Amino acid sequence: MAGEARHQGALLSAGVLLGTGMGGFVDGILLHQILQWHHMLSSRLPPTELVPMKINMFWDGLFHAFTWLTTAIGLALLWRAGQRPEVPWSTRTFVGSLSIGWGLFNVVEGLIDHQLLGIHHVHPGEGQLAWDMGFLLLGALLIVGGGALVRAGREDILPRGVVPPVL
């Protein structure tokens, strides 16, 4: 293994897609379904009657289908990365890339859906801008923290299955 090239890219791309899907699932399950703070179109089509609620549920379903597809692609990429000997199997790289993916989900979804299109807000009503900014801040922190883990993971070069020596 000495002198052999080591590539984080395969593990990074798998982790970022899995993290994006996980971030989407947390948003959809926690904020849409459990807390029922918002739905995909709730600012444009308030779910106060049956038909608008059904339309919102349909769009929530499309959102969940997207997050499922993103997660499935990430899982396939992780499987492929696990079969490549030049990919270091680093917990720090993987957890960091999951964090980056989740953070990217928050930032992109927060900027587009909450701010640009205004189709929904994290927690509509009084203080909604603060909730939206908190969502974006959480995303930024996840990206920064994930980036730090990925950078630290560059040192992880042991091949899979090799136990590091105890000092």
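The exercises below work through a predicted model of one protein, from its overall build down to single residues. Residues are numbered from 1 along each chain as its sequence is written, and side-chain values use heavy atoms, with hydrogens and water left out. Because the model is predicted, local features need pLDDT of at least 70 and side-chain atom pairs count only at pLDDT 80 or more, while totals for chains, interfaces and linings use all residues.

**Exercise 1. State how many helices and strands the protein has, and give their order.**

Step 1. Helices (H or I, at least four residues) and strands (E, at least two) are DSSP runs, numbered from the N terminus.
Step 2. The protein holds 4 helices and 0 strands.
Step 3. Read from the N terminus, the order is α-α-α-α.
Step 4. Along the principal axes, the C-alpha atoms fill a box of roughly 65 × 30 × 25 Å.
Step 5. A contact means heavy atoms within 4.5 Å. Of the contacts between residues at least 6 apart in sequence, 77% join residues at least 24 apart.

**Exercise 2. Find the share of buried residues, then sort His120, Leu31, His38 and Gln36 into buried or exposed.**

Step 1. Buried means under 20% relative accessible area, exposed over 50%, and partly exposed in between (1.4 Å probe, protein chains only).
Step 2. Of the 167 residues in the protein, 38% are buried.
Step 3. His120 has a relative accessible area of 0%, so His120 is buried.
Step 4. Leu31 has 8%, so Leu31 is buried.
Step 5. His38 has 1%, so His38 is buried as well.
Step 6. Gln36 has 57%, so Gln36 is exposed. Gln36 sits in the loop between H1 and H2, and has a positive phi of about 55 degrees although it is not a glycine.

**Exercise 3. Describe the aromatic pair of Trp37 and Trp131.**

Step 1. Rings of Phe, Tyr and Trp (its six-membered ring) pair if their centres lie within 6.5 Å; planes under 30 degrees apart count as stacked, over 60 as edge-to-face and the rest as tilted.
Step 2. By this rule there are 3 aromatic pairs.
Step 3. In one of them, Trp37 and Trp131 lie 4.7 Å apart, centre to centre, with 70 degrees between the planes, and the pair is edge-to-face.
Step 4. This pair links distant parts of the chain, 94 residues apart: Trp37 is in the loop between helix H1 (9–34) and helix H2 (50–82), and Trp131 is in helix H4 (residues 128–153).
Step 5. Trp37 has 24% relative accessibility and so counts as partly exposed. Trp131 has 40% and is therefore partly exposed.
Step 6. Phe58 and Trp59 also form an edge-to-face pair, at 5.8 Å centre to centre and 85 degrees between the planes.

**Exercise 4. Work out which helices line the largest pocket and what kinds of residue are found there.**

Step 1. Rolling a probe the size of a water molecule over the atoms shows where empty space is left.
Step 2. On a 1 Å grid over the protein atoms alone, a pocket is an open set of points where a 1.4 Å probe fits, with protein on both sides within 12 Å along at least five of seven lines; lining residues have an atom within 4 Å of a point.
Step 3. The largest pocket has about 170 Å³ of space, where a volume is the space filled by probe spheres set on the grid points, joined across faces, edges and corners.
Step 4. Of its 13 lining residues, Val26, Leu31, Asn106, Phe135 and Leu138 are the closest to the centre.
Step 5. H1, helix H3 (91–116) and H4 each supply at least two lining residues, and H1 gives the most, with 5.
Step 6. Ala, Val, Leu, Ile, Met, Phe, Trp, Tyr, Cys and Pro count as nonpolar, Asp, Glu, Lys and Arg as charged, and the others, Gly among them, as polar. The lining divides into 9 nonpolar, 3 polar and 1 charged.
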